[in-house]
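Reader: I would like a close look at one part of this model. Please take me through it step by step.

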Amino acid sequence: PVKEKVQDIQRAGRNLMGVVSDILDFSELQSGEIELEEEAYNISSTINDVINMALAYKNEKKIELIVDCDPNIPGELLGDEKKLRRVILKLMNNAIKFTETGCVTLSIGYRKENYGINLSVTIKDTGIGIPAIHKDRIFERFYRVDKSHSKASGGTGLGLSIVKHAVQYHHGKIALESEPNKGTTISVLFDTSV
């Protein structure tokens, strides 16, 4: 009983932290005052931090987290690591939230360009998926496919909207593929420098 109460408190704290984070991110986007920082960072360190936070979010769910990171990605990249980390973490947490069995896979790759590299991030889950009628609206503010599930898990309907706008500020692209009861794959492409 005590362990369950502690877990409930931890879960409520994480949900509250997620809501506050979404509101702060949303306010920043609404004001149009987003500034991208240009700093050196190591993608391996970023992914390690994201996975540790995702493991805490996963809690006792019986799902597997898989990471597939291209070992040839340059050791040092230039860009806004904090925003990149928040995008990946929001997508990972979303995948975990809507997956009860199976796995969530995070894949990181890259492609060299003459201005730097394109960093590709793909999160694939075996969760509940998204019906076709919702796919065009899934990135809208406050839009929730399953209001009962989102309400129970503390969702605001802002996460994917924030992700989309953050990716656009990085001059990147985002794509979604999903099938009900089979899962969802979200792919993001970021421009970055080396």
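At what angle do the axes of helix α2 and helix α3 cross?

Author: First, the ground rules. This is a predicted model, where local features need pLDDT of at least 70, side-chain atom pairs count only at pLDDT 80 or more, and totals for chains, interfaces and linings use all residues. Residues are numbered from 1 along each chain as its sequence is written, and side-chain values use heavy atoms, leaving out hydrogens and water.

Now the helices. The axes of α2 (residues 43-58) and α3 (residues 81-97) cross at roughly 35° and come within 10 Å. Axes are lines fitted to C-alpha atoms, for helices over the stretch in contact; angles run from 0 to 180 degrees between N-to-C directions. Helices (H or I, at least four residues) and strands (E, at least two) are DSSP runs, numbered from the N terminus.

Who touches whom? Contact means heavy atoms within 4.5 Å. From α2 come I43, T46, I47, D49, V50, I51, M53, A54, Y57 and K58. From α3 come E81, L84, R85, I88, L89, M92, N93, I96 and K97.

Next, the sheet. Five strands form an open sheet in the order β2-β4-β5-β7-β6, with mixed pairing. Two strands pair if DSSP finds at least two bridges between them. β2 (63-69) and β6 (173-179) are the edge strands, each pairing on one side only. β2 pairs with β4 (residues 102-113) in the parallel sense, over seven bridges. There, I66 stands opposite T105 in β4.

α3 lies across β2, β4, β5 (116-125) and β7 (183-192). α3 runs at about 15° to β5.
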